[in-house]
Amino acid sequence: MKKIIILFVLMMLSVSLHNAAAQSRTSYFVRNSTQNHELNAAFAPDQGYIGFPFLSGVNFQIGSNLGVSNFLFPLSNGSTGLFLNSEVAPEEFLSGIRKSNLMGINLNYKLVDAGWYTGKDSFWTLSFGIKADVEASLPGELFRFAKLGMYDDPSSYSIRDMGVSGQVYGQIALGYSQGLDKWVKGLRIGGKVKVLASMMDVQADVSRLDLNMSSQSWSVKSNAVGHILGGGLNPVFDENGHVNGFRFNPSSLGVAGFGAAFDLGVEYTISEGTPVDGMRFSLSVTDLGFISYGKDKSTLLSADGNEFVYDGLDGIGLDTDFNETLSTLGDELLTMVSFSELPVTKEQVRMMTATLYAGVDYSFLKDKMNVGLLYSARFGRFRTENELTLAWNYAPTRAFDIALSYSLLRTHSTIGWLMTVTPRRGIGIFFGSDFTPVNYTALKFSGVDILEGVTIPVPKKEFFLDVHFGVTISLGGGNSRYESAW
Amino acid sequence: MKHYSNILSALVCVFAVLFAGCTSELTVGEGELDMTVTVGGDSLSLPLGSTDSITIGNFLNIDSVEFVYVDKDGNIFINMSESFEEDVSVADYVDKLTVDGFVKQFEEQTFTVPAGTVVPDLGIVNVDFLEFEEEFTYNFMFEEARESGLLSITKLDFEDTWIVPEIKLSSAMPLPSDLKMLLEVVLPDSFIMGQSPYVNGSTILFEGNVTSSGDVDFQPVSIDGLVLNIAENEPFEIEYTFILKGLSMVVDMEDIADLEGSEINVAVGLSVGAEDRKLHPASFYGKVDLALDEIVQQIDLDAIPDYFKSEDVYLDFAYPYATVKLTSNSGVPFVVDASIEPYLSSGEAVQPIDVRLESPVSMDADISKTVSYWLSSEMPSDVADYEWIYADIRNLLLRIPDRLDVGIRPYSNLDTENDHYIDCNATYKVSGEMSVVLPFAFGEDLYIPVRDTINNIPAEVGTAMSSANVSITGDIFSTFPVAMNISGYFLDSNNRRLDIEVQTQKIQAGTEDSPVSSPLNIVVYKSEQAVDIASMVVQFELLAGTPGVPISENAWVKADISVGIPGGLTLDLGTNNK
């Protein structure tokens, strides 16, 4: 079982963020979805709804552009070995490592969610939820360092653009979508305002880390910045003012920053009696906003590029406590890449990670089926992620919709799927995943009590776990989109 | 129904896509997932750092052990010292040599005052009683002094000892008021008299005024001593004869007419001694047989580290020596027989060293004198103020014993040409200090393994050594005048030695002014036992050096160390000890 835990940890280490929005892109073109207004504030379902308490919507993603096959290798004796196994040639391992490797975990959990129609085609939404994002960007040079280590005397590495960030915040969102058929037939716009309350925002961004190792000395030259906004995590400094650890301080947990964000969206469906009637164009941007943290809740860190050289400890003697020495050695090596604190002179404002969506879809078979193309650009902290998603939706009945998607442009291609049950009245459900890798490796467990004989397919080249799930209660229609079809 | 068929078709499509892409299989689980990892790289090497400048004192733990010292020049030596002090009691001689004096009263005689001899210039008449002459024999003995060790005595000095005659006159005629009496006392030649105008050689002419009661007031004369010249084995018995004669009277010329022809009674006596009528000895010359208590001291050398005493240690000190200082305020010369015998718990016998030393002589008890001896196998070139005596110290201390048994037996030297001088009132002390000194100047056969234990070896070290050969590389700089070997071995938590091979590294000898660099390259070979490592015994073996070159505290050795694990460190993440 211990090995399984280690294996799981390895898999977790290899996860990366693929969609920090933690919303199902596959749902974007689902026309009766109660969730896609999260992606475009103009979107509205056919009827009002209330989210089932505490199950209104769970969007959970862990993922990486690295997969199991990057870390597990078949060995000559038939067993499976880790990438650091001496039998795994460096070239074999490193050939699967990208220049930039992303990892992350995202959670979007809605405690409360509701949408309802008022007046003439006016749709309101209100939700309260919690979001947690952890991102990491690990350059390939870091894995090269892990695998090759000190390959020669001396050995050098130049690690660029390595970062890790984490953010936990809650939001209350009030949205409004309005059909504008009376002015432009098929036009609908929407907006959403979000009040944000953040508990924590931490980030470390190492732009450059030069490592030189020889039997005479080890040296590090680092350029990095970081911040800790909010409570709960306090840096611990050594006598030189370098961060040599962190201390969790639960007493200081709480709301540390407030902010606001806006979603804006528009959709236009051609319905002019032309051959392309039913074609819909949509454009939106989400999470345009910021969170502000007070000075007393902010810690800024920096590694200023000075070179730190470790050439050993002085004063080693027979009475040296080598356990303490080893600990000191570890501290010194950590200090080599550590941060120093910067003065905080003003409140800290952090922009939200905005995402742009631009889509076009075309429905046919009396709106029972549609296909669409979605472009999204997420302006992340470490990079902008572009993605192109092809989607196919089929709604054989009004209450049921199934969607498939295929995403590309990023470092990998994935297939997504979503099933939505949305009755006019009553309980509905949706579940699906945006990322369903094409290539799998079957992990077959043996000698493990509860998993004996079990084979689990895991993504071969990328590892993902992407879940969208929710239960809603439909309140009755306010829109007659499908009236002609059924 | 059509709708359900459509739904089913859609689901089949979805799951078919999901699992159509399984392209390989990896087996994980017990025995199938190899959790070993190798990290660090082919040339993994970590600069561990620099050691302190380790001096010989650090090696030998000088600060914490007894017997090892550093002199003002920084030179190190072992010093095992013992001292003694004994009182020499001569109080017995005061009693044994104090003899009775005497008061001899002769029979009263009646004389008819004859006509005297007129001395016109002085206006006096000297009247001699020619018929007066008395002889007296006086004897005494002090044989008991032999029991106190007195063998012979040449001269005995007295204190508070006097001789004085006594005369009482009586007559029917009134005696003149200014009458004087004179009396000659002839002493034996052995008597040494004090300074007095009455003394003339061995004769004392006493003169005194006659008081109204008829007593003559004589001034006593001190007796300073006696020349005895009693050789060994002769009896301490003395007999002397005193002669009293020359009794005469001095009378004014105007008074002689009344006295002449009258009868006068004269009672004469002689007194010798102090007020208690005893002759009090102050000092004497002769030979005394004094044997002081034998001193047996054991210098326990438990505090000397074991690495100096192990059976595999072979010390070859170039210039070991011992010093003895004897101090005395006594006029008796003492012989001090000293023995030094190492005791080895192994039972190995070592020939002891016996030396015969002589104490200094002081004729004044208030002044102590010291004589210093230098004991060594070879005569030193420059040891001013010391008297050199041959003693094979070098072979005595090839190993540091568990104990040094030191015997000191002081006794008076009877072989001297001169007499002993004993001040009966003095407090004599004879003291000594013996030091066995082993300067750290090693000879060519030196071999000292010094072992020290490094406790609490981090578990990571054992882990590393269980997975790979570990090399300790770097440079060692030494100013030690002797070469050294560095090696060691490992112990588990129960202090059992582990079978892990550690190569031995030799460090070249240097000189004080120019350290010599030796490359360090110790390889500890991979061993499965390494995971049990709890401590390490580091062994420094001091090897033979240039004989006579001292090892001082100023000599040091220093190392710049890197730890290398060529090929990297292999760990099994699946085992419990990781």
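In this predicted model, B:Val324 has B:Met434 of strand β33(B) as its bridge partner. The two strands concerned, β26 (residues 321-328) and β33 (residues 428-439) of chain B, pair in the antiparallel sense over eight bridges. B:Val324 is also listed among the residues with the most contacts inside the largest nonpolar core, which has 151 residues.

**The six-stranded sheet of chain B**

- Strands β26 and β33 of chain B belong to an open sheet of six strands, ordered β6-β7-β33-β26-β29-β30, with mixed pairing.
- The edges are taken by β6 (68-70) and β30 (387-390) of chain B; each has a single partner strand, so one side of each is left without a neighbour in the sheet.
- From one strand to the next, the twist averages 30 degrees.
- Strands of a sheet pair through backbone hydrogen bonds, in either a parallel or an antiparallel manner.

**Nonpolar cores**

- In the largest nonpolar core, the residues with the most contacts inside it are B:Leu183, B:Val185, B:Ala322, B:Val324, B:Ile340, B:Ile393 and B:Ile422.
- Leaving aside residues up to four places away in sequence, B:Ile340 touches B:Ala322, B:Pro352, B:Ile353, B:Leu396, B:Leu404, B:Val406 and B:Val436.
- A second, separate core has 14 residues, including A:Val30, A:Leu39, A:Ala391 and A:Phe430.

**Chain A: overall composition and confidence**

- Chain A contains five helices and 26 strands.
- Of the 486 residues in chain A, 44% are buried.
- Among contacts in chain A with a separation of 6 or more, 68% join residues 24 or more positions apart.
- The average pLDDT of chain A is 83, and 85% of its residues score at least 70.
- Within chain A, confidence is lowest in helix α1 (residues 2-13), with a mean of 43, and highest in strand β12 (residues 257-269), at 96.
- Residues 1-21 of chain A have a pLDDT below 50, and this stretch has 56 contacts in the model beyond near neighbours in sequence.
- Residues 480-486 of chain A likewise stay under 50 in pLDDT, and the model gives them eleven contacts beyond four places in sequence.
- Where pLDDT is low, the predicted coordinates should not be read in detail.

- Side chains alternate along strand β18 (residues 355-364) of chain A: A:Thr355, A:Tyr357, A:Gly359, A:Asp361 and A:Ser363 point to one face and are buried.
- Strand β13 (residues 279-293) of chain A pairs with β18(A) in the antiparallel sense over eight bridges, and A:Leu283 has A:Ala358 as its bridge partner in β18(A).
- Strand β19 (residues 369-379) of chain A also pairs with β18(A) in the antiparallel sense, over ten bridges; here the bridge partner of A:Leu356 in β19(A) is A:Ala377.
- β18(A) and β19(A) form a hairpin with four residues between them, and in the turn A:Leu365 has a positive phi of about 50 degrees.

- The buried residues of helix α4 (residues 140-148) of chain A include A:Phe143, A:Phe145, A:Lys147 and A:Leu148.
- The buried residues of α4(A) pack against α3 (90-94), β7 (155-179) and β8 (187-213) of chain A.
- Just after α4(A), A:Gly149 takes a positive phi of about 55 degrees.
- In the loop between α4 and β7 of chain A lies A:Pro154; the peptide bond from A:Asp153 to A:Pro154 is cis, with omega near 10 degrees.

**Positive phi in loops of chain B**

- B:Arg277, a residue other than glycine, has a positive phi near 65 degrees.
- B:Arg277 is placed in the loop between β23 (263-273) and β24 (278-288) of chain B, and it counts as exposed because it has 12 C-beta neighbours inside 10 Å.
- B:Asn495 is not a glycine, yet has a positive phi of about 60 degrees.
- B:Asn495 is found in the loop between β36 (482-491) and β37 (505-507) of chain B; with 10 C-beta neighbours inside 10 Å, B:Asn495 also counts as exposed.

Terms used:
Residues are numbered from 1 along each chain as its sequence is written. Chains are lettered from A and ligands numbered from 1 in the order in which they are written. This is a predicted model: local features need pLDDT of at least 70, side-chain atom pairs count only at pLDDT 80 or more; totals for chains, interfaces and linings use all residues. A residue is buried if 20 or more other C-beta atoms lie within 10 Å of its own, exposed if 12 or fewer, and partly exposed in between; C-beta atoms are placed from the backbone. Two residues are in contact if their C-beta atoms, placed from the backbone, lie within 7 Å. pLDDT is the predictor's confidence in each residue, from 0 to 100. Two strands pair if DSSP finds at least two bridges between them. Axes are lines fitted to C-alpha atoms, for helices over the stretch in contact, and angles run from 0 to 180 degrees between N-to-C directions. A nonpolar core is a set of buried Ala, Val, Leu, Ile, Met, Phe, Trp, Tyr and Cys residues joined through C-beta atoms within 7 Å.
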